[in-house]
Every structure is written in C-alpha cells, then in structure tokens.
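Subject: Structure handover

Hello,

Here is the structure I said I would pass on. My notes on it follow below.

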Amino acid sequence: MDDDKIISLFGEDRDVKMDAAARKRILSLAAVEYSVVKPNRRPTEFSPHHAVVHRGSPLRVAFLTALVICLFLGVAWQRGHLHFGEAPREQREKVLLAEFNQLFEGRLQAVISTGGQTQIVLAPADAAAPRGQPVLIRFTDKGKDIDVMSFSGQTVQVQLDGRDLVFDTLVNGEGRVILAGEKVFWDGSKGAVTDAPAVKIRTEVLEM
Amino acid sequence: MALDDEDDETLAHRAAAGDDGAFDALANRHIDRVYAIALKWCSGNKADAEDITQEVFLKLARNIHHYKPAGRFTTWLYQVVVNEARDSHRREKSRRTRETAYEKETPKNAPSTEELLEKQADKRMLALYDMLKRLSPEQREAVVLVFCHGMSHRDAAKVLGCAEKTVTWRLFEAKKKLREWYGNG
C-alpha cells in the first residue's frame, strides 16, 4: 500500500454529511447558546449603523446612557413597577424557556445559567416530564448569580458555595414559589432556611 | 456582500462582535466538516461524533468573542475539535472502566457501529475505521487532520500544539503500521 493509496483511502469521505435532524438540533442549540452569551451588539467596521452610532464621543454616549438608565430606574422604583425579573429580562427568559422546551419536545427539566455558561437538564427520553408552571429562581452567592428556569414539580440540582443543593420546585395555590429540599426550604413569605445562609434567593412565576 | 460569500475570518470577526447571522453562517459552513473529523476520531461511532460536534459548537458559541485574528479560523476551530475529541476519549475510557462489569451481565440490544456498517456492506469504511482504531491516539490525530482533511503538516502542528516534525514523525510511524497491517491491500 503506497502513500497515495493511504491518503486517497482516508480522504474519500472527507465531506460526509451528518444526520439532518442532529444537524438542525446542534445548530439550534449553538444559536441559542450564542444569543445568551454573545457580547452586547456593538458597532464594528462591518456594521451598517457605524456612522450613526459613533456620532457622540464614547464618554458622552456612556454618560447619556447612564443618565437615561438612572431616570428610568428612578421612575420605575417610585411607581413600584421595578421588581425582580424586569420586563426585558423576563421576556428573554420566557423566550429561552419556550425555545428549549420546543427543541427538546417536553423533556426539559431546567435551564441553569452560571456566569455565562448554560446547562440544560433533560428528563430521560422515555420519561414524560410533568409540566407545571414555569418559574425563575435566582441564587446570589458571593456576588455571583445562578439563574434557574424550571417548572413547578421538577427536582433541580445546583452547586452553591461548592456544595450540591437539591430541591423540588413548587408553586402553591396563591401562585407563590416554594423550594423544598433536604438542605433548603424557601417560601417567599418566610425567607430561606439553608445551610448556606449567605446565599440570597429570589423567585418568580413566569407567565407564558 | 452576502454572508455566504464572506471568508471565515470576516464572519468570525462579525460573530465576535455579536452578529447572529455571521455566527449562523459560520456554524452552517463548518458543521459537516467538524462532524466528519469527529466521526473518524470516534472510529465511526455516529452518536459519539454527534456529541463531540455538539460540544464543539456550544464551545464555539461561548468562545467566539475570544477569537483573535492571529491565524486562520479553521486552525482555531480544529483546535477546539481536537481538545473536545481528546476529552471525549478520556471520558469514554473512564466510562468503559465503570461499565465493564455491567456489560458482562447485560445482553446487548443495540447493534454496534461495526454491525450497522456490516449490514450496509460498507467494508471499505469498516476497514478505514478499523485502521484508525488500531493507531495510537497521537497517530490517529495526525492521520485524521492530514490524510482525512488535507491539512498541511504545519497547520496540523498548530492545531495539535506540537512541532511540525512531530506531526511528520507520527505520520511516518502511522504509515509504517498501516503498511504492516494492510501490506497486501
């Protein structure tokens, strides 16, 4: 067997195509992941809006942006409209949850986001995942946020302060989120009981 | 210019700046090639190759903003593929060790890749994957990149993080083995 024969043998199926369904699934997953972690769209030399966006100096633009945000936050705070899960973020979480749920055909148990990394937890293919109300849970541990999107009735596992925390996610009749596990009990009205007292927990029911 | 007409480096720049269309175009352009490399790495196991491909594109999505225009985009992408394939190989070895006892007691239901390929009477592919499986991981990496995907020794060295001469030597050793095994082919 000479070199040319070896090379031609190995090179023959260089452009093998993958299964169409798997291809679509992987591309969709990558697109969703990219949309979650991509940097804020900023003008580049390729952007058609380049000239418009660069009219002011960067400092002036930053100052004006900060001023507008402060004004908005101030008004929203005074009117009592500002709470955990402000509209754009909540909207984003809803879209994400719906996308993932559709992608995995009802097998989605939770989406856990930590510092730009997103973990998707799926039920086994043969297990029908019970579908409760979608909920959003935010753990704040030493300044870092861990966001969990899941459904009422699901068991979720996250790592907090280097330890695994397992809990059931429940929504009671009053529409309040309850987290119940061996090492944690959270009820919106009573606060959290956990062996990691520094961890802050906030929850919200997502209306789909 | 349409996105499909842009070169990889331009698309990678745009994706790094947050352009969804550029990222999609880049992923679409390279997914089959990445899968083809992964498939050979996994000796024809499609499920494993799909897992590697998925991890590669999730990593691409998470890390595209770190892309530096120092070299070609494909060199950078293939580095991600190689690292993921190596990780996958390590995980697989560890899993196999854990499952050995279980497998002894459990009858196999699903046909193996080899069985499927045999059913398809694709003897040539079977021979190819058999060859790759019998090479050492280092030789397999060099063979996949250079013989299967037409990379130069220099580019393969960049991807594998070793000297060009090392790639040449690994290929020399691989070819020697292949001649021994399939000398009459």
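Chain A has a mean pLDDT of 67, with 54% of its residues at 70 or more. Please keep in mind that this is a predicted model. The pLDDT of chain A is below 50 over residues 41-57, a stretch that has 12 contacts in the model beyond near neighbours in sequence. Residues 70-86 of chain A also stay under 50, and for them the model has 10 contacts beyond four places in sequence. Where pLDDT is low, the predicted coordinates should not be read in detail.

One residue of chain A that I looked at is A:Asp145, which sits in strand 4 of chain A. Apart from its neighbours within four places in sequence, A:Asp145 is in contact with A:Arg138 and A:Thr140. Between A:Asp145 and A:Val199 there are 54 residues in sequence, but the C-alpha to C-alpha distance is 9.8 Å.

Now to chain B. Chain B has 9 helices and 0 strands, so its order of elements from the N terminus is α-α-α-α-α-α-α-α-α. Of the 185 residues in chain B, 41% are buried. Taking the contacts in chain B between residues at least 6 apart in sequence, 57% join residues at least 24 apart.

Two helix pairs in chain B share helix 2 of chain B (residues 20-41).

The pair with helix 3: helix 2 of chain B packs on helix 3 of chain B (residues 46-63) at an angle of about 140°, and the axes are 9 Å apart. That angle makes the two helices of chain B oblique to each other, since an angle counts as roughly antiparallel only over 145 degrees. Their crossing is right-handed. From helix 2 of chain B, the residues B:Ala27, B:Ile31, B:Val34, B:Tyr35, B:Ala38 and B:Leu39 meet B:Lys46, B:Ala49, B:Ile52, B:Thr53, B:Val56, B:Phe57 and B:Leu60 from helix 3 of chain B. Sorted by class, this contact has 11 nonpolar, 1 polar and 1 charged residues.

The pair with helix 7: helix 2 of chain B and helix 7 of chain B (residues 137-148) also pack at about 140°, with axes 10 Å apart. These two helices are therefore oblique to each other, and they cross in a right-handed sense. Here B:Ile37, B:Lys40 and B:Trp41 of helix 2 of chain B meet B:Arg140, B:Val144 and B:Cys148 of helix 7 of chain B. The residues of this contact divide into 4 nonpolar, no polar and 2 charged.

Last, helix 8 of chain B. Which residues of helix 8 of chain B (residues 153-160) are buried? They are B:Asp155, B:Ala156, B:Ala157, B:Val159 and B:Leu160. Just after helix 8 of chain B comes B:Gly161, which has a positive phi of about 70°.

Regards

Key: Residues are numbered from 1 along each chain as its sequence is written. Chains are lettered from A and ligands numbered from 1 in the order in which they are written. This is a predicted model: local features need pLDDT of at least 70, side-chain atom pairs count only at pLDDT 80 or more; totals for chains, interfaces and linings use all residues. A residue is buried if 20 or more other C-beta atoms lie within 10 Å of its own, exposed if 12 or fewer, and partly exposed in between; C-beta atoms are placed from the backbone. Helices (H or I, at least four residues) and strands (E, at least two) are DSSP runs, numbered from the N terminus. Axes are lines fitted to C-alpha atoms, for helices over the stretch in contact, and angles run from 0 to 180 degrees between N-to-C directions. Angles under 35 degrees count as roughly parallel, over 145 as roughly antiparallel, 65 to 115 as roughly perpendicular and the rest as oblique. A crossing is left-handed if the near helix is turned anticlockwise from the far one by less than a right angle, and right-handed if clockwise. Two residues are in contact if their C-beta atoms, placed from the backbone, lie within 7 Å. Ala, Val, Leu, Ile, Met, Phe, Trp, Tyr, Cys and Pro count as nonpolar, Asp, Glu, Lys and Arg as charged, and the others, Gly among them, as polar. pLDDT is the predictor's confidence in each residue, from 0 to 100.
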